[in-house]
Amino acid sequence: MNLLDKINKAKEYIRSIEDSSIDIGIILGTGLGSLAEEIENKKTIKYEDVPGFPISTVVGHAGELIIGDLMGKKVLALNGRFHYYEGYCMEDVTFPVRLMNALDIKNIIVSNAAGGMNPNFEPGDLMIITDHINLIGDNPLIGRNYEELGARFPDMSNAYCKEYVNLAKKCAGDLNIKVQQGIYIAISGPNYETPSELRMLRLLGGDAVGMSTIPEVIVANHMGMKVLGISCITDMALADNLEPLDHLKVVETANKAKIKFVTLVKETIKKI
Ligand code: HPA
């Protein structure tokens, strides 16, 4: 089955459950799944029930698709994403975004847990993503291009919609939530970085480093969707002062920041 047929099948399945129009797609990163609890009148769909969907394997990722109402908008949230380091191909990693677009969703909010490389950041900070650098070593658009979905050589000059960056910053200000902004670099993982790698990534211009998000953002841009990206800084990824890190610590810090995250995302959704 080609990609278009696969997308269509998944879309038909979702449409058989929810046929109203959906305003915003949300991808919930590590430890940030509690936003899903705020969604009202919800319909929860297990990934394994959606034709074409891969199954999530990482601890802290639930693997559900939730459709419902949030702050006066109809949203579709993915609780748990597919990571390249799990062994999924790029087509699988980005399939949920293809599905969102097929459902006529024009706006997407992507979130992640990330290491802070900017020394002015603190663990627990939220960072509005202004741009990214793809160092995963792969790209979801390699291979056959479907013109129905987007251009062979898509523009990335406004990959993180400036209007939404400003909106999120304004909402954070109104709510008295401190936010950072900066450039997200993605590497494949799954290991965390060595000090020398972090020194390089910082030199390249990154403020935060993680293992996700960029494939989804590339595909969203390919299809002309507007993107807002938010990183939760879970640890300091500083070359000269690097402490041992494990996934549990990342989840723990993301959990501490989740109230801020949920509050900010809800307010931003209200104003989109
Ligand atoms: N590096 C890479 N990915 C991450 C990190 C990190 O320090 N923290 C959370 N995700």
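**Fold, accessibility and local geometry of the predicted chain**

In the protein chain, 83% of the contacts with a separation of 6 or more are between residues 24 or more positions apart, contact meaning heavy atoms within 4.5 Å. The model is a predicted one, in which local features need pLDDT of at least 70 and side-chain atom pairs count only at pLDDT 80 or more, while totals for chains, interfaces and linings use all residues. Residues are numbered from 1 along each chain as its sequence is written, and side-chain values use heavy atoms, with hydrogens and water left out.

The secondary structure of the protein chain amounts to 7 helices and 9 strands; these are DSSP runs numbered from the N terminus, with helices being H or I of at least four residues and strands being E of at least two. The radius of gyration, taken over C-alpha atoms, is compared with a globule rule of 2.2 Å times the number of residues to the power 0.38. For 272 residues a compact globule would have a value near 19 Å, and the 17 Å of the protein chain agrees with this. Along the principal axes, the C-alpha atoms fill a box of roughly 55 × 40 × 35 Å.

Of the 272 residues in the protein chain, 56% are buried; buried denotes under 20% relative accessible area, exposed over 50%, and partly exposed the range in between (1.4 Å probe, protein chains only).

M90 belongs to helix 2 (residues 90-93). This residue counts as buried because its relative accessibility is 6%. Beyond neighbours within four places in sequence, the contacts of M90 are Y84, I136, D138, N139, P140 and P215. The C-alpha atoms of M90 and E216 lie 9.1 Å apart, although 126 residues separate the two in sequence.

G189 and P190 are joined by a cis peptide bond with omega of about 5°, and P190 is placed in the loop between strand 7 (179-187) and helix 5 (195-203). M71, which is not a glycine, has a positive phi of about 55°. D104 sits in the loop between helix 3 (95-102) and strand 5 (107-116) and is exposed, with 51% relative accessibility.

With a disulfide defined as a pair of cysteine sulfur atoms within 2.5 Å, the count is 0. C171 takes part in no disulfide, and the nearest cysteine sulfur, that of C161, is 13 Å away. C171 is buried at 0% relative accessibility. For C232, the closest cysteine sulfur is in C171 at 18 Å, which is too far for a bond. C232 is likewise buried, with a relative accessible area of 0%.
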